[in-house]
Amino acid sequence: MESDTQQIALGLRQRDVVVLEALVEQYQYRLVRYLIYLLGRRDGVDDLVQETWLRVLERGSSYDGQSRFEPWLFRVARNIALDAMRKRPMFSLDSKDDNGVRPAPASDKPSPFTLAARTEDADRLARSLQTLEPVHREALVLRFQEDLSLQEISAIVGAPVSTVASRIYRGLATLRPQFEGETA
Amino acid sequence: MNIDHHESFQHMIEESLAGVISAERKQSLREHLDTCAPCQEYLSASNRVIASLGGFSFEVDPTLNARVFVSLRLRGQQVQAAQPSRRRWVLISLAAVVLTLGGSFVDLQFGDLIASAFDIQRAQAQLGLLAFWIVPSLCVLLLFPLLPLLSKAGTRREERTI
Ligand SMILES: [Zn+2]
């Protein structure tokens, strides 16, 4: 029997709209969340989501079905986001990191993390998350929310596993002081 | 215990959370954690960060999926329209086969008839049929099936960057 990923790969090769729509339903929230973590902003994300799915339709035959679908999807989304950063002023932010992903500029608007915080601890974390290096934030969401392996993250971000690991360590190190000195 | 000693175990905690720690190091970390309060607190604060990441719920525009579906269907139709169907490739290739065979048949069976009708030599009539019928049909037959392969190679080049 064919595995799920092989069925997805077949559907994408045939540009089967029914398969694509099921994927949109299944992965939409996670795609939105990934892009918010990557960019540190909410506006413009819906456009990138649209473009991501269109690229999935057009280049879907390059997904081989041998590995999980979500790392491939996030890699597509990341390329779209980086392209948008290069092309559009709204995404062209101050340069800081080595990887072309740059932090969002300071804004009066509440950050997407503050708006999305549903627990007291999340609320405490929101401000530090907003100021975190985007690639550190990205590594954290992929590892701890998407539960991806370091190898999978490495394939998404196009950096060695050791770099991904150090991004995770540094992300945790920046956020940890929020909860240090307390008994949980 | 000195600070460096704790640091090395705290690095192991990070490795463990990242999922890159060896079984051996994990065991030694476990033993250390049983007796070390600062490292326990370090682990607990790290775990609380990770748990807090689950405390966000981002709002997704309820119309977003519907908008994506519409643009997918539209783009799907455009892509389909831009690509000649497999059926069309097959039909054209079949037509080329029939034309090539037909030309050869006419050449062999009616060469004399054509030569006398146009008042030329049989060899000239055959040469004419060869140049204006059989060879062009043969070219279509041989080259046409290669076109989809060539266009596929082009797509594949494009797909390397997703
Ligand atoms: Zn210790």
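Predicted model: local features only at pLDDT ≥ 70, side-chain atom pairs only at ≥ 80, totals over all residues.
Where do A:Arg86 and A:Asp83 lie, and how many residues apart are they? Both belong to helix 4 of chain A, and three residues separate them, which is about one turn of the helix.

1. Domains of chain A. The domain assignment divides chain A into domain 1, covering 1–89, and domain 2, covering 110–184. The contact between these domains draws on 16 residues from domain 1 of chain A and 18 residues from domain 2 of chain A. The C-alpha centres of the two domains are 22 Å apart, and the area that domain 1 and domain 2 of chain A bury between them comes to about 1,500 Å², with 57% of it on carbon and sulfur atoms. On the side of domain 1 of chain A, the residues that lose the most area to domain 2 are A:Arg33, A:Tyr37 and A:Arg78, which together make up 39% of what that side buries.

2. Polar links between the domains. Across the interface of domain 1 and domain 2 of chain A there are four salt bridges, and eight residue pairs are in polar contact, both residues being at pLDDT 80 or more. On the side of domain 1 that touches domain 2, the elements giving two or more residues are helix 2 (17–39) and helix 4 (69–87) of chain A, and helix 2 of chain A gives the most, with seven residues. By class, this side of domain 1 of chain A has seven nonpolar, one polar and eight charged residues.

3. A salt-bridge network. A:Glu146 forms a salt bridge with A:Arg30, in which the closest N and O atoms are 2.7 Å apart. Both residues belong to a network of salt bridges that links A:Arg30, A:Arg33, A:Arg68, A:Glu70, A:Glu146 and A:Glu152. A:Arg33, one of the members of this network, is also among the residues of domain 1 of chain A that lose the most area to domain 2 of chain A.

4. The surroundings of A:Asp83. A:Arg55 is placed in helix 3 (residues 45–59) of chain A and is buried, since its relative accessible area of 19% falls under 20%. Apart from its neighbours within four places in sequence, A:Arg55 is in contact with A:Gly60, A:Val76, A:Asn79, A:Ile80, A:Asp83 and B:Ile162, so that its list of contacts includes a residue of chain B.

5. The side chains of A:Arg143 and A:Asp147 meet in a salt bridge of 3.8 Å, N to O. A:Arg143 counts as buried at 14% relative accessibility, whereas A:Asp147, at 55%, counts as exposed.

6. Chain B. Chain B has seven helices and zero strands, and along the sequence its pattern reads α-α-α-α-α-α-α. Of its 162 residues, 30% count as buried. Among the contacts in chain B with a separation of 6 or more, 53% are accounted for by residues 24 or more positions apart.

7. The interface of the chains. The contact takes 55 residues from chain A and 41 residues from chain B, and the area buried between the chains is about 4,700 Å², of which carbon and sulfur atoms give 61%. In chain A, the residues that lose the most area to chain B are A:Arg59, A:Tyr169 and A:Arg176, together 14% of what that side buries. Between chain A and chain B there are six salt bridges and 16 residue pairs in polar contact, both residues being at pLDDT 80 or more. Helix 2 of chain A supplies the largest share of the side of chain A that touches chain B, 11 residues, and by class that side has 30 nonpolar, eight polar and 17 charged residues.

8. One salt bridge between the chains. The structure holds 20 salt bridges over all chains. In one of them, A:Glu58 pairs with B:Arg75, the closest N and O atoms being 2.2 Å apart. Because A:Glu58 lies in helix 3 of chain A and B:Arg75 in helix 4 (residues 64–82) of chain B, the pair joins two chains. A:Glu58 counts as partly exposed at 23% relative accessibility, and B:Arg75 counts as partly exposed at 27%.

Terms used. Residues numbered from 1 in each chain as written. Chains lettered and ligands numbered in written order. Heavy atoms only, no water. Domains from an automatic or database assignment. Contact = heavy atoms within 4.5 Å. Buried area = accessible area lost by both parts, 1.4 Å probe. Polar contact = N/O pair within 3.5 Å; in protein donor to acceptor, adjacent residues only side chain to side chain. Helix = DSSP H or I, 4+ residues; strand = E, 2+ residues; numbered from the N terminus. Nonpolar A, V, L, I, M, F, W, Y, C, P; charged D, E, K, R; others polar. Buried < 20%, exposed > 50% of the residue type's maximum accessible area, 1.4 Å probe, protein only.
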